[in-house]
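Please look at the sequence and the model together before reading on.

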Amino acid sequence: MSLTFSLAHLMGGVILLAAFSLLSQRRLAAMITLYQVQALVLSAAAFWQGYAQGEVNLYLTGLITLIIKAIILPLSLREIVLRFNLMRAVETAMPVAVSMILGVALIGVAVLVVLPTTPGNVSLTREDLAIALSVVLLGLLMMTTRRGALAQIIGFLSTENGLVLAAIGMPGMPFVAEFSVALLVLLAFLVVGVFLFRIREHFDSLDLSGLEQIERRGR
Amino acid sequence: MNLALLPVVLAGLSVPFLGTLGTPQQGAVANAAVSLVVFLLTLLAFWGPGAGLLHADELGLVFGAVTGFAGFTTAVANIFYVRGAAVRLGVRRWRLYHVMCQIILGATLAGLYADNIGLLWAAMEAATIAATLAVSLPRTASALEAAWKYFILGGIGIALALFGTMLVYLAAQPALGPGLAAMSFAQLANAAPRMDGSLLTLAFVFLLFGYGTKAALAPLHGWLPDAYAEGPAPLTTSLSGLTLNVALLAILRFSHLLGANHASHGGAMAPGPFLILLGLVSIFLTGFSLSRRRDSRRFFGFSSIEHSGVAAFAFGIGGPVAIFGGLLHLLLHTLIKSALFQALIRAAALRGSTAPGHYAFSHLRGLAHTNKITALALGGCIFALTGLPPSGLFASEFIIVSQTIQREPLASLPLGLGLLICAVAILRNLGPLILAPAPHHAKPVKTARSTYLVLVHLALAFLLAFAMPPVLYGLLSAVAAGLS
Amino acid sequence: MFGLPGAGMQLRLDPLSLLFLVLLTPQMVAGALAGEARSLTYWLFALGMVLAVTAASAFTLIFGFELMSAASWLLVLRGDQKPATLYVGIAIFSAACLVPALFLPASSLAFVLVVLGAGAKAGLAPLHSWLPKAHPAPPAGVSALMSGGMIKVALSVIIREGFITLDPALQPWWGNVLMTAGVASVFIGALRAMLETEMKVLLACSTVEHAGLIAVGLGLALRAKAMGDASLTALGLEGALLCALAHALYKPLLFIGAGEVKHATGTASLDWLGGLMRSMPRLSGLMLLAASGMAALPLGPGFAPEFLLLHAALAAAGTGGIVARIGFSALLAVLGLSAALALGAAVKLIGVGFLGRPRSLQAAAAEEPGGLALAGMALLGVLMVPLALVPGEVLRLMAPVVRELAPNAALAPLGYAPLPLLGLGLMVAVGAGFGLHRFGVRGTRGAATWMGGFGKPPVWLPFGDPATQPTATGFAEPVARAIGRGVLPDDADPAELLVLAPLYRLHLKGVRLAEKLRRATIRERLAFIFAALVLFLLALGLLGGG
Amino acid sequence: MAQILPVLLAVLANLVHAVLLFALAPGLMGGVSKMRAWALGRRGAPVMQPYRQLYKLLRKTTLIPETATDAYPYWPLACFLSVSVAGLLIPSFATGMVTAPLSDFITLIGLFALARAATMLGGLETGFSFGGAGAQREALYGVFAEGALLVTILTFALIAHATTVDGIAVAFRDGHIGISVSLAFALAATLAVALTETGRIPTDNPAGHLELSMVHEAMLLEYSGRYLLLFEYAAMLRLMVWMSLIGAVFLPFWMGRAGDVLSWPLGLVLWAGKLGGMAVILPLFEISSAKMRVFRVPEFLGVAMLLGALAGVFLFVAERIGS
């Protein structure tokens, strides 16, 4: 089992590392690559857990993750980047350094919250949980500190990776595959929305005419 | 047999037909028919709550019945709405629209009946996505913006809720071990004392934020006002208002787990402070936001925030009576609010157009000069929101306030103040809306029959509050006692 | 079962609630006769009052109280939309104070809350400034019931809570609180009544004064009860209850009368009226009678209460520490001032509105109102007679109420007997009449009025030039110069500047903040959620956790 | 018999009191104006002049202004009646009259207020400007006069433990109450109120004929014949009433008892003496001071009110020291 531990732990660490370095990135292309790496490792972790727990569900999850997250989504994201030529760096709401300090603080929070709370459970779960929680929080932090729509989406994606990481860590949790599929639906809508609404810059300024007319109408 | 399954399944089955056949009017009628059957089935479910993943406990039954009723009346009002607005959207959009109606209705019922926390989560996600699509239907700039807001914030909420759900599962491991048992409300409720308390608390925080986003508790409410104001009227207001209940009931159930664990020193924190805090913030934010609103749908969206805040506050106060009050408040608010939006749509129709953006108070001003009955119905609903007698909400708010004084005396002061501010802000708009001289272009119109449904709603709310049938009272108080 | 789910409603009929029912009934009838009979809201309003007065449970009380407020709000709204919002705000505020007070254990806090809540509804200073705005707004019948009835309902809550429910925790200073609020409203009410020129506003201000008088009586009684002074308790209670009874008769009459005048002439502003005694004699006679009550003149319905209250104050000044005594002397002085101010207000109402020459063609062309309204007023007028002539008997009838409120109260006979005075007056009158008729020249001759040096009025003014006779404003001018301007800077009620304006500013701050939040972009809204989440997690990690 | 005799005596005393009151009132007024004339070095009208004037008014036809309403005749009547009733209540030469229990101070204030109200309404009656001017000034004076009087009563009530004039008189006569600061203050306050109520200088000029400065007279300008007679007579009575009130409260010594007839003569003589004394002092005070402007009067009465309050305060302090 120690191998299981260490491997799962290692993968979790890699995922967290990816999430953290996502926070430090300014260029979309690099972000997407990082995300791809994260997804790959996640699928690997899923397979590994499936093997460790002997769960078919988890293999399925890993497969879905591998195909869609690690291959299709990055491709489409790159497509968007090309289509809307978003090559230039993303503007940030706060200096990257600050956001990274915040990120460290968040990891601290996650550990503070989780580690003391799970004495009864297997240590694997505990540390996985701490890692997953930090990934989730880092993703949210990224969504709030980046102004670029795509960057925010990538933040959301990595949040969601954190969720799946937590899910596969749960011993014998039912519906894991279903959950990941449901989440994927969400993501799909997200990306499709970016396509449909032709979002260039932020969520909050859709590239659509007639916003002033809203103001005139009064709220 | 599991009769609770039927309405959900029926709503789901109707989707492909509604999505492919018929003109908008036919679609609306079919939608109404389906909703009627669903309503009857929700009543039928009392005789076969069933068991398993999707089975209705008393709480689910009561709220399911109210949801079915509101859904039905909304669908009826929707017929008239479509008749007036058919030209605005293409046929395919209308079909999509009616599909969304059924999906939201079905998802709401599923969420109410779900015994499995995972299923509950899935239902909420379905409802969210459907509602988002519905909001974006008009394709106006503001509608798309609202839909996008709704989607992002709702998505975050869903994600957090999922994390919380998994944490609950994990927290239940010591008690129930791996497998489905650890995800069933019934089992969890029994095993709550033996669960991992601190992990459960963590889970509760995430669930509170996840479902709290759906229930539009401040500061998680960002999506609601715009979504209410910009989407196609009946769907995004009356109907999706029903999903607020699901979220709040989910929060209630989870807070019950937490409370039970806390009571038996399982290491969990008491859920009260969290809920009370969010509730108060929502009430005050509403009270201050109401006074500058010009668009009536946004205005009443904010008032929905207030009322889910009140309910959350009541759940936070805890104790069978307060929870009873909170549940009663939810029921009455559902009846009144859906009726209010139906009346509002009627009123906008009387003034020419029901398209988003034609709901500014200045458009509707002086309704009494256009149509007495509609003015009476709308005015009655708005007045009922303030919780002054003879409005039914008076009973529930009275229960809540009195319980607050007995259990959390300090919290009663801000609560009273907040309710005061909100009520005054609402009443301030009521006078001009009904009695002021009408704009010159408005001329008297004869009453539409669907307006009387609103009055039925109001009467029901009144009777439910002040002449509650003993059976129902026993049922609800038993539920409240079970959840406290 | 109607009422709170699982609990229902409870009513009670004890002397106190009976007294207030008796006090409400005539004015309800009169108001209905004055044209409100077909208004559903009016009857809801009345129902609310009855429930609030006879309530035996907190829910029933608050239900009735708020039903009353809500219905009257609607009626005010129909009349005039401006004051309605402030009015309903005050109404809900009083509920927000009363609900906690009813559920708290008997304590000083509960009493303070009761005084705040019910006092705000009764128009006690400093929460009175809504009353002169709201009461004149609706039709006369409703104003009558609001002024004569609603105020009393609020006071009945104070009485029941202060004397019965909270009795175990009774403190002497409770009485001082009531007295202070009462005397403040007496003075401000009387002064504003003297200065106002709008008939209904004037009456509303005088309502503030009388609410204050009742509160003073209650305060004296409460203090005395706490200090175990049996006779003073009885005196104060008798004064307060009798004042409530009398006011419940003459104030509705005055309001209905003012409404009829407005209906007949199109205005209720004294500056445009005058000479109505000629065109509507019956109504004027009734108004005169009621005004004598409002001015607390002897042989009128209003004197006995005033007599009792002043005696209570005199008696109280003989007790307590030196500060208290000085306070009571001040109380006496203010009561005296206000009594004279009220007299001035009544004289202005009658002298300017009903005597003299008309000040407008409408006033000159006014006609006696229809029978129903007059019948209602007559009913109230007739009921005033026993109060005016045999107040002692009325007090004896009210004895059970006093006993209920203060079991140990020592009831003394009333020291003021109108009948002998009337007898003396009649004797003198007979003598004078005999003298005048025996030795005097009988008969009278009409003669032109001396215009006081003014020129002859133009022909199109058959009733003379209105500009040549004193107006209500002019009548109030000396008092305004001597007192008014000092107390009411630029005619604004001090309570508005000191109490309402700061609250409004505070509310505005809140609104601005809310607007700032509402304009947040999606990213900022996300940031709210995220920040809140992290805060909660931190709280979790630091407080609870393991 | 034994029970009935005192009652009969009390009634008899009242009758005598009433007769003297109504008979002597004009004479008192005449005396005062005579004294005033002398003090001013004039011969002045004879003391009997007021009687003649009343008779003259009696014989004149009564003119009714055309703008007067039907209530026109009742104001003088009401004014006259309330003053006379007040007069009947206040003991003159003997305490314990049959009306004694009615003579509550607050009832008296009420009666004076009633008289004032009737006069003001009479002034507003015909709607001509001077009447209104007089009425509004009277209203202003009344405000402060009543306040001052009420505060002053407090002192009496506290010292005498009674609120009826009769009771106060009895207490001051029988109880040995030394001259105290409080009473001095109270006396000053009462005098100021009395001057205002009776419309004497410095607040009003009974002999003045400049409409702009008149207060009491200005309200009567539109009355003539017997209605004017009632007003004039009421004014005379009022002077008498206030004088005997002050006499009864502040100089009750050797006042008779209605119970025993033998004490009456002394009481009568003393009463006459008091009235005479005041009839001398009042004019002297009047000629030594000038009439005030209207808006000085509130200050004047305000001082009176303060004095009344001070009287009470000193009383409290004294009791503190005493106890």
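The sections below treat the model's basis, an interface, a helix and some local backbone features.

## Basis of the model

The model is predicted; local features need pLDDT of at least 70, side-chain atom pairs count only at pLDDT 80 or more, and totals for chains, interfaces and linings use all residues. Residues are numbered from 1 along each chain as its sequence is written, while chains are lettered from A and ligands numbered from 1 in the order in which they are written.

## The interface of chains C and D

Chain D has 66 residues in contact with 70 residues of chain C, contact being defined as C-beta atoms, placed from the backbone, within 7 Å. On the chain D side, at least two residues each come from α2 (49-59), β1 (62-65), α3 (74-89), α4 (105-125), α5 (129-160) and α11 (297-322). Helices (H or I, at least four residues) and strands (E, at least two) are DSSP runs, numbered from the N terminus. With 19 residues, α5(D) gives the largest share of this side.

By residue class, the chain D side comprises 39 nonpolar, 16 polar and 11 charged residues. Here Ala, Val, Leu, Ile, Met, Phe, Trp, Tyr, Cys and Pro count as nonpolar, Asp, Glu, Lys and Arg as charged, and the others, Gly among them, as polar.

Strand β1 (residues 444-447) of chain C runs parallel to β1(D), and 4 bridges join them; strands pair if DSSP finds at least two bridges between them. In this pairing, C:Arg445 stands opposite D:Leu63.

## Helix α2 of chain B

Helix α2 (residues 24-44) of chain B has 21 residues and should span 30 Å at 1.5 Å a residue, which agrees with the 30 Å between its end C-alpha atoms. The expected span is 1.5 Å times one less than the number of residues.

Among the buried residues of α2(B) are B:Ala28, B:Val34, B:Val38 and B:Phe39. A residue is buried if 20 or more other C-beta atoms, placed from the backbone, lie within 10 Å of its own. The cover over the buried residues of α2(B) includes α1 (5-20), α3 (58-85) and α4 (91-113) of chain B.

## Local backbone features

A cis peptide bond, with omega near 0°, leads from B:Ala218 to B:Pro219. B:Pro219 is in the loop between α8 (197-214) and α9 (224-230) of chain B. Another cis bond joins D:Ile201 and D:Pro202, with omega about 10°.

A:Phe175 is not a glycine, yet has a positive phi of about 65°. A:Phe175 is buried, with 22 other C-beta atoms within 10 Å.

Methods: Two residues are in contact if their C-beta atoms, placed from the backbone, lie within 7 Å. A residue is buried if 20 or more other C-beta atoms lie within 10 Å of its own, exposed if 12 or fewer, and partly exposed in between; C-beta atoms are placed from the backbone.
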